[in-house]
Amino acid sequence: MAPGCCPLRAAQVSSPCLHKTASLPWGARDRAQTCSPASHPQMLAVYSLLPFDNQDGGVWKQGFDITYEPNEWDTEPLQVFVVPHSHNDPGWIKTFDKYYYDQTQHILNSMVLKMQEDPRRRFIWSEISFFSKWWDNISAQKRAAVRRLVGNGQLEMVTGGWVMPDEANSHYFAMIDQLIEGHQWLEKNIGVTPRSGWAVDPFGYSSTMPYLLKRSNLTAMLIQRVHYAIKKHFAATQNLEFMWRQTWDPDSSTDIFCHMMPFYSYDVPHTCGPDPKICCQFDFKRLPGGRINCPWKVPPRAITDANVAERAQLLLDQYRKKSKLYRSKVLLVPLGDDFRYDKPQEWDAQFLNYQRIFDFLNSRPDLHVQAQFGTLSDYFDALYKKVGIVPGMRPPGFPVLTGDFFSYADREDHYWTGYYTSRPFYKSLDRVLEAHLRGAEILYSLALAHARRASADGRYPLSDYALLSNARRNLGLFQHHDAIAGTAKEAVAVDYGVRLLHSLTNLKRVITNAAHYLVLGDKDTYHHDPAAPFLSTDDTRPSQDSLPEKTVVRLDTSPRFLVVFNPLEQERLSVVPVLVDSPHVHVLSEEGQPLPFQLSATWSSATEVVPDIYQVSVLARLPALGLRVLQLHRSSEGLAALRSSTRLYLNGRDLPVRKPEAVPLHVFPAAANDFCLENQHLQACFSGHSGLLQSLRRAGEEQGHRVSSEFLVYGTRTSKDKSGAYLFLPDGEAKPYAPKNPPVVRVTEGPLFSEVATYYQHVQTTVRLYNVPGVEGLSLDVSCLVDIRDHINKELALRFSTDIESDNTFFTDLNGFQIQPRRYQRKLPLQANFYPMPAMAYIQDMQSRLTLLTAQALGVSSLSSGQLEVILDRRLMQDDNRGLGQGLKDNKRTCNRFRLLLERRTTANKVQDERPISFPSLLSHITSMHLNAEALVMPVALEKPVLPVLRSFVPLATTLPCDFHILNLRMLQAEDDSLPSTEAALILHRKGFDCSLEAKNLGFNCTTSQGKHQHLLGPHGNCHVPHPPGVVCGEGEEWSGWAAQEQHQHCRRVGTAALWWAWTAGIRLAEAAAAF
Ligand SMILES: [Zn+2]
């Protein structure tokens, strides 16, 4: 064990029940067992256990026959809650706005009217994006009516997020942000805080969501799209309701009660009981003469005095059967579907007919049933009451589950693993927007605090708050399960893209405005002129589907000033790239000290440079969350730069070569031998012919590792069922990518970085090795510019094959928040073994760990020992029969960005590795942050006649612990929606990490918090017991951060959630920050 390092404690593993034996027969009931896979399901173990044999279950096709004794409810009657709901996608087949105008507004308008007709009626609503839009358009009277309906319990706001987010591709920053946005809206406008979560449609479920909901003070949640074989298993073992526990939580404080729906869908045919043919007859929107009918060919009948007895008995039979799958005698029966209840007639049809059935059932004591409309929380409350607990407690005898619900299959081998990659362009744009939003929130908060302290807020553009608010909402909207998932119609994807780009542009304005104020030496000279901004950003995106284009800084006789923003809460030593129009340049610090920089050519193609445009890569130390001022001077005396030199291997291709003027270039017609790039930490060797990575060796190690990369192509099946936006249905294993021509390989070597750029027809890949002290030089920077627009039914994959003996185990992250171990399952088809990778994936053996860090969500797998493989883009010509009605043919040129990190494990052991829990190293966390939060370069406008004095802005006087992450610093809304209040929410995250990875030469000068808040600012070792990756600032001992001792005076709950806390005065925050 390394000195100062602590082993993972056994207590970290919450479930003591990890036996892989004890296969349970279907239908086995084991309430009595207290420690078995059935009473403490651990999802990795469940996957090993299940046969996934897809046997025909009869009327419940994916289940089994359910029987019961008629007297089972004689002592304890069945209590039924029918929960009317309408699933409103904020964009899918239609855009958000179109859905609103065509359907959603009518649904909500009818809701207000129809709910008031009978106090026994109930309804639930979850998407605040739609609800707030409607709210803006209704009268004060109607608003009052809504508040009454919420107040008297008829209408329940469930989850209360801006959307019902995709849980595979979304990042926890955006998940939390959209939850805050919704909850703050609800608190302000309706005065209500959600209690129960409702997620019927996301395509698989992450264990991050239960944590966030619990921390938002919800006490229960519901999920639906879980693999049919898992549903069947949990139904057979009565484990469909459980306490969902975080694998890393040593106690039960973050457990939340979860209800899993048992059947195929959330529509009416699949929610009343096991037989869809019968349940469909109780969907009264499908009464004969309507627009939709029952595919099982037996239509509903309106309930009359004559038929009510027979109809009610038929329905009760389904209720009773469904109830047998659960442990309590309270039954939840959702009643709704997509965009339901948009016409008054539908309200009447459902509510009147059901009420007649309820009245009948409730009038017959011999049936031992009590049926009624209910909200989701009505159901949970009744359950809690029945088992004798208060909300939030674990119902006695109910199981505790750990793990997640990826990957999802709804039938046969139809795995929804394609959407982990679908539309990677937008998955990447999402994260770019996220990084800008976080940066803008923090800088705006700091600038505002400073301006208010200087009483200059009258001159500061406070109205930027509206831009922030709009960006929060656009980012929130994009977390919807058909948006970031890449599963909406083409025109809807464009609508999202336009919103994202619009907000990106606005956020750049918020950032440059704040930076302008903060770098001014004399704040009294501050003048905000929207027509002539002081700073600009150094790239532009001409349209929503184009990659960013770097702007060129024109050198002049007077110096050009740059302001560089570091959005990280750690100081970083980074290479800052700037394009200039001359090789004759000097770079100076704010104080006039020369800074080292590397001069390289810029390339318009594999072999042609852009004349007169050069890349200046400046090595600069950037303060944490701060702004650094740099100067570019045109020099008259020769070249001041550290020059790079380039070798170009044409590999037999006859291509025009345009050489740069100021940097050397050597052209070789034939393939080179293998070659290596090297810095003091790492040697990376490449094939001269393919230009692709072959091996990696860490400094001080005799043996290198084989780490060879290759591109592969998946096709799709020839049968009826083919891959589409949702599904991945490959035609077998991937085949090597076989381009028409060999690649052109361009090797650039320089003192600050070296790189290999390889040009294939469909993908250009650049692998860069930095040669600078600190974090940057410890991993390889890998980017893939992909363009597969001439492919037909193909998916392009990048695979790393190594000598790491990972067997069948690999690790993927969930929402960038936590790590979930995975096992390759041979009994499942290839496509079942893919998982979401929003932030990273790794493989390891006793000696080494190889981590692929990503800047965008993509699908990942490890199909063989030592392999790690990621899907880069997919082009599919047909619909995959999940309602979209389109293929995936709007591919764009997409840039996927990665880091590849090879680490040595020092204290690994087999027992520890068998546990269903894992953490990234601290270096991995920090590398991920570097990848996801690039420094932002802002040139000062050329037109300024007299330049004011500029000073670097350094908000933190000392370093924050390395395991701390300032997730956000977010000004709260004032009474006037478009303005900030005096309060800000500070969201801190203390990250759990694994100290069995080598900790020397990490290259950062922060230390960890050692898990003890009182030592926050003291000196520490470099490792501590992995701590749950919890959001810090909850219970007293968890809180750490700014002025920890004063927490209670300055930290208070905002809205509903323990997650987000506010400093009571924004100004205090700036003072606290400055005091560091
Ligand atoms: Zn949906």
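Reader: Does Asp807 count as buried, partly exposed or exposed?

Author: This is a predicted model, and in it Asp807 sits in the loop between β32 (794-802) and β33 (809-814). Asp807 is not a glycine, and yet its phi is positive, at about 50°. Its relative accessibility is 51%, and because a residue counts as exposed when that value is over 50%, the class of Asp807 is exposed.

Reader: And what is the class of Asp612, which also has a positive phi?

Author: Asp612 has its place in strand β18 (residues 609-622), and its phi is near 65°, a positive value in a residue other than glycine. Since buried means under 20% and exposed means over 50%, a relative accessible area of 45% makes Asp612 partly exposed.

Reader: Which residue just after α6 takes a positive phi?

Author: Helix α6 (residues 208-215) is mostly covered, with eight of its eight residues buried. Among those buried residues are Met209, Tyr211, Lys214 and Arg215. Just after this helix, a positive phi of about 75° is taken by Asn217.

Reader: Where is Ser407, and what kind of peptide bond joins Phe406 to it?

Author: Ser407 lies in the loop between β10 (400-402) and α12. The omega of the bond between Phe406 and Ser407 is about -5°, and the bond is cis.

Reader: How far apart in space are Asp538 and Glu549?

Author: Asp538 is found in the loop between α14 (490-519) and β11 (539-540), and with a relative accessible area of 8% it is buried. Setting aside residues up to four places away in sequence, Asp538 touches Glu549, Lys550, Thr551, Pro577, Val937 and Pro939. Asp538 and Glu549 are 11 residues apart in sequence, and from C-alpha to C-alpha their distance is 8.5 Å.

Reader: How many residues apart in sequence are Gln372 and Gln79?

Author: Gln372 is found in strand β9 (residues 369-373), where at 24% relative accessibility it counts as partly exposed. Not counting residues up to four places away in sequence, it touches Gln79, Val80, Phe81, Val82 and Phe358. The C-alpha atoms of Gln372 and Gln79 are 8.3 Å apart in space, while the separation in sequence is 293 residues.

Reader: What share of the contacts in the protein with a separation of 6 or more comes from residues 24 or more positions apart?

Author: The protein has 18 helices and 46 strands, and 66% of its 1076 residues are buried. Among contacts with a separation of 6 or more, the share from residues 24 or more positions apart is 74%.

Reader: At roughly what angle do the axes of α3 and α5 cross?

Author: The crossing of α3 and α5 is left-handed. The contact is made by Ile128, Phe131, Ser132 and Trp135 of α3 together with Gly182, Trp185, Leu186 and Asn189 of α5, and by class it has five nonpolar, three polar and no charged residues. The axes of α3 (residues 128-136) and α5 (residues 172-189) come within 10 Å, and they cross at roughly 35°.

Reader: How much space lies in the largest cavity?

Author: A search of the whole structure finds 15 cavities of 30 Å³ or more. The largest cavity is lined by 30 residues, and nearest its centre lie His171, Tyr172, Ser928, His965 and Lys991. By class, this lining has 16 nonpolar, nine polar and five charged residues. The space in the largest cavity is about 440 Å³.

Reader: Which element gives the largest share of the lining of the second largest pocket?

Author: The second largest pocket has a volume of about 1,100 Å³, and of its 41 lining residues the closest to its centre are Arg286, Ile292, Asp337, Asp338 and Arg340. By class, the lining has 15 nonpolar, nine polar and 17 charged residues. At least two residues each come from β8 (330-338) and α10 (344-362), and the largest share, three residues, is that of α10.

Key:
Residues numbered from 1 in each chain as written. Predicted model: local features only at pLDDT ≥ 70, side-chain atom pairs only at ≥ 80, totals over all residues. Heavy atoms only, no water. 1 Å grid on protein atoms, 1.4 Å probe; cavity = no way out; pocket = protein on both sides within 12 Å on 5 of 7 lines; lining within 4 Å. Points joined across faces, edges and corners; volume = space filled by probe spheres on them. Helix = DSSP H or I, 4+ residues; strand = E, 2+ residues; numbered from the N terminus. Nonpolar A, V, L, I, M, F, W, Y, C, P; charged D, E, K, R; others polar. Axes fitted to C-alpha atoms, helices over the stretch in contact; angles between N-to-C directions. Left-handed = near helix turned anticlockwise from the far one by under 90°. Contact = heavy atoms within 4.5 Å. Buried < 20%, exposed > 50% of the residue type's maximum accessible area, 1.4 Å probe, protein only.
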